[in-house]
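User: I would like to go through this structure with you, starting with one of its helices. Could you take me through what you find?

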Amino acid sequence: MLNDSERLDDLQLDGLKIIQDKNKYNFTSDSALLANFVSTKKNDDCVEIGCGSGVISILVNHKCNPKKIYAFEIQKSMAELAKRNIELNNLNEKIDVINAPIQEFENYLSKSSIDVVFSNPPYMKTNDKSLVNCNEEKAISRHELKLNLQELIMCSSQLLKFGGRLFLVHRSERLFEIFQEMNRFNLQPKKMFFVSSSVDKNPNIVLIEAQKGAKPGLKVLPTLIVNDKDGNYLYTIQKLYKGE
């Protein structure tokens, strides 16, 4: 049963569906990009930090089929929505939604117990002007009110086993900060690529795979262009969404 402000979206991927609420934060193409970038093995235990509606965990489960995903979401209303979406797609045995801040993960999981962490975190600092126009739920999803970059990377490192991997999507303008924090917490960037909204604009998004305790060596993949000059999704981005 949908609430008045909700809609049911077809993810156009093997019958997967997602409930979204127009009054809450809705997922963007960044979510699909991250879900396709993540790679896991069948026996991996995974953590998503800030799962929102649950769409990334649902897509990662479909693409990679890991053993288990623990999806942390600090906002109660979003966690409840994620649980509904997990149930809607019959994934209760594969994905556990945990309504708690990731800073308190030790109440649920042991340190150094996770193979893969992935996150589409709040991009903006709390001094960003756009914060003024956000309702509280959207503000928490977009701004570092409850989780900043340092906490995100520190908790990821603490969760990961030696050799475990973090997959992150973020604003490219914060790349230097990201690398600083990864270096501080023993995470070595191993693979990355930039994303540009169109052919005539500079990249504004970056996706990074980092490995705990790895040796230096970063592979930079070609920049992904999302839209053509007329604003239409390119074929490559459609293929990425479907995991081709």
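User: Which residues of α3 are buried?

Analyst: In α3, the buried residues are Met 78, Ala 79, Leu 81, Ala 82, Asn 85 and Ile 86. Buried means under 20% relative accessible area, exposed over 50%, and partly exposed in between, with a 1.4 Å probe and protein chains only as cover. Helices (H or I, at least four residues) and strands (E, at least two) are DSSP runs, numbered from the N terminus.

User: Where do they sit around the axis of α3?

Analyst: Viewed down the axis of α3, the buried residues fall within an arc of 160 degrees, so they line one face of the helix. The arc is that of the directions from the helix axis to the C-beta atoms. An α-helix has 3.6 residues a turn, so residues three or four places apart point the same way.

User: What covers the buried residues of α3, and which exposed residues are on the face turned away?

Analyst: The cover includes β1, β2 (17-21), α2 and β5 (95-98). The face turned away from the buried side carries the exposed residues Lys 76 and Glu 87.

User: What span does α3 reach?

Analyst: Helix α3 (residues 76-88) has 13 residues and reaches 18 Å from its first C-alpha to its last, close to the 18 Å expected at 1.5 Å a residue. The expected span is 1.5 Å times one less than the number of residues. After α3 comes Asn 90, whose phi is positive, near 55 degrees.

User: What kind of model is this, and which cut-offs apply?

Analyst: This is a predicted model: local features need pLDDT of at least 70, side-chain atom pairs count only at pLDDT 80 or more, and totals for chains, interfaces and linings use all residues. Residues are numbered from 1 along each chain as its sequence is written, and side-chain values use heavy atoms, with hydrogens and water left out.

User: Changing topic, how many salt bridges are there?

Analyst: The count comes to nine salt bridges, each being a side-chain nitrogen of Lys or Arg within 4 Å of a carboxyl oxygen of Asp or Glu. One of them joins Lys 67 to Asp 45, with the closest N and O atoms 3.8 Å apart. Lys 67 lies in the loop between α2 (55-64) and β4 (68-72) and Asp 45 in strand β3, so the pair ties together parts that are 22 residues apart in sequence.

User: Is Asp 45 buried or exposed, and what does it contact?

Analyst: Asp 45 counts as buried, at 15% relative accessibility, whereas Lys 67 is partly exposed at 45%. Leaving aside neighbours within four places in sequence, Asp 45 is in contact (heavy atoms within 4.5 Å) with Lys 67, Lys 68, Ser 113, Ile 114, Asp 115 and Val 116.

User: What does Asp 115 pair with in a salt bridge?

Analyst: Asp 115 meets Lys 161 in a salt bridge of 3.1 Å, N to O. Lys 161 lies in strand β7 (residues 160-171) and Asp 115 in strand β6 (residues 114-119), so the pair ties together parts that are 46 residues apart in sequence. Asp 115 is buried at 16% relative accessibility, while Lys 161 is partly exposed at 32%.

User: Which residues are linked in a network of salt bridges?

Analyst: Arg 165, Lys 191 and Glu 209 are linked in such a network. Within it, Glu 209 bridges to Arg 165, the closest N and O atoms being 3.5 Å apart. Glu 209 is buried, with a relative accessible area of 11%, and Arg 165 counts as buried at 16%.
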